[in-house]
Amino acid sequence: AAGARRVREAVRDGLRGGHGPLVLGGECTVTLGVVAAAVDVHDDCGLVYVDGGQDLFTVASHPEEPIADATGVAHLLDLPGASPELSAVGARRPLLDARRLAFLGFSDAEEDEDGRVAATRVPAAEVSAGPEAAARRAVDGVGSGPFVLHVDVDVLDFFALPAADVPVFGRGLVPAELERVVREIVSDPDLVAVTLVEFCLLYSSPSPRDGRLGRMPSSAGDG
């Protein structure tokens, strides 16, 4: 929670200075601080969540897998079983209205086991069929007004780019699809901040023979 509060303060300063922060994580709870900052500055905020999963788990609902990275959206929505300390990093609880949330590119199984989260859902198969159209449906799904883009590299097929700390094999996006998604979303004037998380260099050492590394993290800053 202390880390999320520090992210909140830094991003809030950037937003108030007229900048569009790009925050490099870290794991997915980094986005708590980014959304909290956007709410501080803009009063309300949407979220396009590009991720291999939906991160709706809580420690209470999945005690066998107490991983903070898989709980980020659960804390944003202040779902039952979420940590009160993490859910309270911002100016309000919940920080995010599910009607201003879009999951984009996920290939894991549906995590909304109780039907509580009325978000827009655009799975990986739909993204692969038309990245720009899928991205636009997600942006339209969060409604008008400021929004944050969260990108977790675990949305990518590990066989296509071995970078994610928690990988998926044979069922994620390929880098070219993710790049097209990001380019479409960052062209929207309502985007106020971007997070990029879970890029793990333990799996991918930079090499002049492999031009894939570094290309996706730079996409959000292009154009």
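What pattern does the chain follow, read along the sequence? The chain follows α-β-α-β-α-α-β-β-α-α-β-α-β-α.

**Figure 1. Overview of the predicted chain.** This is a predicted model, in which local features need pLDDT of at least 70 and side-chain atom pairs count only at pLDDT 80 or more, whereas totals for chains, interfaces and linings use all residues. Residues are numbered from 1 along each chain as its sequence is written, and side-chain values use heavy atoms, with hydrogens and water left out. The secondary structure comprises eight helices and six strands; helices (H or I, at least four residues) and strands (E, at least two) are DSSP runs numbered from the N terminus. Of the 223 residues in the chain, 55% are buried, where buried means under 20% relative accessible area, exposed over 50% and partly exposed in between (1.4 Å probe, protein chains only). Among contacts (heavy atoms within 4.5 Å) between residues at least 6 apart in sequence, 67% join residues at least 24 apart.

**Figure 2. The largest nonpolar core.** A nonpolar core is a set of buried Ala, Val, Leu, Ile, Met, Phe, Trp, Tyr and Cys residues joined through side-chain atoms within 4.5 Å. The largest such core has 37 residues, of which V34, L47, L77, L101, F103, V117 and V148 touch the most other members. Two or more residues each are given to this core by helix 1 (2-16), helix 2 (30-42), strand 2 (46-50), helix 3 (72-76), strand 3 (101-104) and strand 6 (191-197). Helix 2 contributes the largest share, eight residues. Another core, of 29 residues, lies apart from it and includes A134, A135, L149 and L178.

**Figure 3. Surroundings of V148 and A193.** Not counting residues up to four places away in sequence, V148 touches V34, A38, C45, G46, L47, V48, L191, V192 and A193. A193 is placed in strand 6 and is buried, with a relative accessible area of 2%. Leaving aside neighbours within four places in sequence, A193 is in contact with P21, V34, F147, V148 and L149. The C-alpha atoms of A193 and H150 are separated by 8.6 Å, although these residues are 43 apart along the chain.

**Figure 4. Packing of helix 1 against helix 2.** The two helices pack at an angle of about 40 degrees, with their axes 7 Å apart; axes are lines fitted to C-alpha atoms, for helices over the stretch in contact, and angles run from 0 to 180 degrees between N-to-C directions. Helix 1 is therefore oblique to helix 2, since angles under 35 degrees count as roughly parallel, over 145 as roughly antiparallel, 65 to 115 as roughly perpendicular and the rest as oblique. A4, V7, R8, V11, R12, L15 and R16 in helix 1 meet V30, L32, G33, V34, A36, A37, A38, D40 and V41 in helix 2. Within helix 1, R12 counts as buried at 18% relative accessibility. Not counting residues up to four places away in sequence, R12 touches A37, D40 and V41.

**Figure 5. Packing of helix 6 against helix 7.** Helix 6 (residues 131-141) and helix 7 (residues 175-186) pack at about 45 degrees, with their axes 8 Å apart, and are therefore oblique to each other. P131, E132, A135, R136 and V139 in helix 6 meet E177, R180, V181, E184 and I185 in helix 7.
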